[in-house]
There are 2 protein chains.
Amino acid sequence: MTNMPLHTDLQFAKELQELKDRLLAMGGRCETMIDEAIHALEERDVALARSVMKADKQMNRDELEIDELVVRILALRNPVGRDLRFAVTSSKVVIDLERIGDEAVNFSERVVELIEAGPLPAPANDLPEMGRLANQMLRDALDAFVTEDAKKALTVRSQDDPVDEYYGQILRAAERYMTEQPEHIRQGMNLASCAKYLERIADHATNIAEMVVFLVRGEDVRHPKNQ
Amino acid sequence: MTNMPLHTDLQFAKELQELKDRLLAMGGRCETMIDEAIHALEERDVALARSVMKADKQMNRDELEIDELVVRILALRNPVGRDLRFAVTSSKVVIDLERIGDEAVNFSERVVELIEAGPLPAPANDLPEMGRLANQMLRDALDAFVTEDAKKALTVRSQDDPVDEYYGQILRAAERYMTEQPEHIRQGMNLASCAKYLERIADHATNIAEMVVFLVRGEDVRHPKNQ
C-alpha cells in the first residue's frame, strides 16, 4: 500500500475529475459501439454497422486527449501514491478502450459481409448474448476503475468464463457448419471472427479490471506470482 | 516540441538507462519467442513450440517490474518534457510487448495442433517469411523507441504493407484449402489463426513505432488529424 497524501489543491482535484469523466465518456462510446454492432447483426442493419465503423474516429481523438491530460497532470501536479498510479494507469486503460473500439469496428465489418452474403448461419444466434455479456464486463470494469473499487473489479474476471464458453461453442458450431457446407466457408470464417472479436472485448475488459486491483491494492493480480 | 531540461542528476540518468535496458531485454525475449515459434513450425518441433508457451511467464514479470520502475521514476524524479513522455510511453509500450508475447504463445499453440494433425497445409509455407517480417518490424520499432529515432520509427509503418499482403494471401489460400478439403476445416482454421497472430504482432510493432513519433516530435501520428 502506497501513501496517499491529501491533495487539497482544488485545481488538481478538478483535473482528476476531468480525467475520470473523459475515461467514462470514452468507455460510454465503446459501449454504444458494441450495442449498435450487435443490434446491426440482429436487425440485419447494414447502415447501422457502417455507422459503427465511423465512430472509431472519436475514440482516437479521445485517446490523444486523455494522454495529453495525463502528461499535463504528471508535469504540473507531481502526484504521488495512488493519484500517481491512477494517472499512469489511465494512460494504459485508454489503450484497452481504444482497442475495444477497433474490435467493434472489426465486428461490424464482418456483420456487413455476413448480411450481404445471405441468411445468417444458425450459430450467429448466440453472438448477441455473448456481446451483451462482454459489454457488461466493460461497464463494470470501467465503473470499478473510476470508483477505485477492487471488489467490483474482481467480479469482472469471473464474468469472463461464460464469455469464453460462448466463444468455444460458437467456434465449434462454425467448424461444423463449414464442414457440412463447404460452399459457405467465407460465412463460417466471418462467424468465427465475430466471436473472436467479442472474446477480445471481454479480454480488454478483464485487463482493465486487473489494473484496478493493481491500482487499489498496490498489488498486481494481472499475473499471479505462481505463474 | 516540449522543453527538455538538462538532467544532471546522475541517479535519474541511471534509472532512465535501466528503463531502456529493461525494455530492450523484454523486447529481445519477444523476438526470441517469435523466432522459436516460427522455427517450431518449420522444423515440426512440438517441444520447441511448448517451450515458447512457457516463456510467457517471464514477460509478465517484465511488465510488472517495468511498471514499478516507471512509477518510481515519476514519483521520485518528477521528470518533465520528453523524459516525462518517455516514462509514460514506456508503460504503454510494455503493454504491446506483453501482448506480442501472448500472440507468440497463441501461435505456438496452433503450431502444435497443426503438427499433430498431420502434414502441414501448403499455405503454411508462407508463415515463416511473414513471421520474420513482423519480427523485423518489432526489432526496428523498439530500437527506434530507445534511441528516440522518429525517422526509423516511420520506416516501421511502411514495413506493415508486405505483412498485410501475406496475411490476405494466406487467408484466401486457407479458404480455398477448406473449400476443397472440408474434412480438414480445423487445419484450415489453425492456419488462418497463425496468420492472424503474426498480423497482430506487426500491428503491435506499428503501435510502438507510432508512439515513438509522438514521443520525439511531440505530435501524434497514431491517428492522423483528417480521420
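Visitor: At what angle do α3(B) and α6(B) pack?

Guide: This is a predicted model, and what follows should be read with that in mind. The axes of α3(B) and α6(B) lie 9 Å apart, and the two helices are roughly antiparallel to each other because their angle is over 145 degrees. By class, their contact has 13 nonpolar, seven polar and nine charged residues. The packing angle of α3(B) and α6(B) is about 170°.

Visitor: In chain A, how far apart are the axes of helix α3 and helix α6?

Guide: Helix α3 of chain A covers residues 81–116 and helix α6 of chain A covers residues 185–217, and they pack at an angle of about 170°. That angle makes α3(A) roughly antiparallel to α6(A). The contact of α3(A) with α6(A) is made up, by class, of 13 nonpolar, seven polar and nine charged residues. The separation of the two axes is 9 Å.

Visitor: What pattern does chain A follow when read along the sequence?

Guide: The secondary structure of chain A comes to six helices and zero strands, and its C-alpha trace spans about 65 × 40 × 20 Å along the principal axes. Read along the sequence, the pattern is α-α-α-α-α-α.

Visitor: Among contacts in chain A between residues at least 6 apart in sequence, what percentage join residues at least 24 apart?

Guide: Chain A has 227 residues, of which buried residues make up 45%. Taking the contacts in chain A between residues at least 6 apart in sequence, the share that joins residues at least 24 apart is 80%.

Visitor: What relation holds between chain B and chain A when they are superposed?

Guide: A rotation of 180° superposes chain B on chain A with an RMSD of 0.0 Å, and the shift along the rotation axis is 0.0 Å. The relation is therefore that of a two-fold axis.

Visitor: Which helix supplies the largest share of the side of chain B that touches chain A?

Guide: The contact takes 26 residues from chain B and 26 residues from chain A. On the side of chain B that touches chain A, at least two residues each come from α2 (46–77), α3 (81–116), α5 (150–180) and α6 (185–217) of chain B. By class, that side has 14 nonpolar, six polar and six charged residues. The largest share, seven residues, comes from α2(B).

Visitor: Where does Arg44(A), a residue with a positive phi, lie?

Guide: Most residues other than glycine have a negative phi. Arg44(A) is not a glycine, yet its phi is positive at about 50°. With 14 other C-beta atoms within 10 Å, Arg44(A) is partly exposed. Arg44(A) is placed in the loop between α1 (10–42) and α2 (46–77) of chain A.

Visitor: What is the phi of Glu148(A)?

Guide: Glu148(A) lies in the loop between α4 (127–146) and α5 (150–180) of chain A. Glu148(A) is partly exposed, because the 16 other C-beta atoms within 10 Å fall between the cut-offs of 12 and 20. Although Glu148(A) is not a glycine, its phi is positive, at about 50°.

Visitor: Which residues have the most contacts inside the largest nonpolar core?

Guide: The largest nonpolar core has 146 residues. Leaving aside residues up to four places away in sequence, Ala37(B) touches Ala49(B), Val52(B), Ala104(B), Phe107(B), Ser108(B) and Val111(B). The residues with the most contacts inside the core are Ala37(A), Ala141(A), Ala37(B) and Ala141(B).

Visitor: What distance separates the C-alpha atoms of Thr32(B) and Asn135(B)?

Guide: Thr32(B) lies in helix α1 (residues 10–43) of chain B, and its 14 C-beta neighbours inside 10 Å mean that it counts as partly exposed. Thr32(B) and Asn135(B) are 103 residues apart along the chain, while their C-alpha atoms are separated by 9.2 Å.

Visitor: Is Glu165(B) buried or exposed?

Guide: Glu165(B) is found in helix α5 of chain B, and its C-alpha atom is separated by 22 Å from that of Lys152(B), 13 residues apart along the chain. Glu165(B) has 12 other C-beta atoms within 10 Å, and a residue with 12 or fewer is classed as exposed. Glu165(B) is therefore exposed.

How values were computed. Residues numbered from 1 in each chain as written. Chains lettered and ligands numbered in written order. Predicted model: local features only at pLDDT ≥ 70, side-chain atom pairs only at ≥ 80, totals over all residues. Helix = DSSP H or I, 4+ residues; strand = E, 2+ residues; numbered from the N terminus. Contact = placed C-beta atoms within 7 Å. Axes fitted to C-alpha atoms, helices over the stretch in contact; angles between N-to-C directions. Parallel < 35°, antiparallel > 145°, perpendicular 65-115°, else oblique. Nonpolar A, V, L, I, M, F, W, Y, C, P; charged D, E, K, R; others polar. Least-squares fit on C-alpha atoms with pLDDT ≥ 70 in both. Core = buried A, V, L, I, M, F, W, Y, C linked by C-beta atoms within 7 Å.
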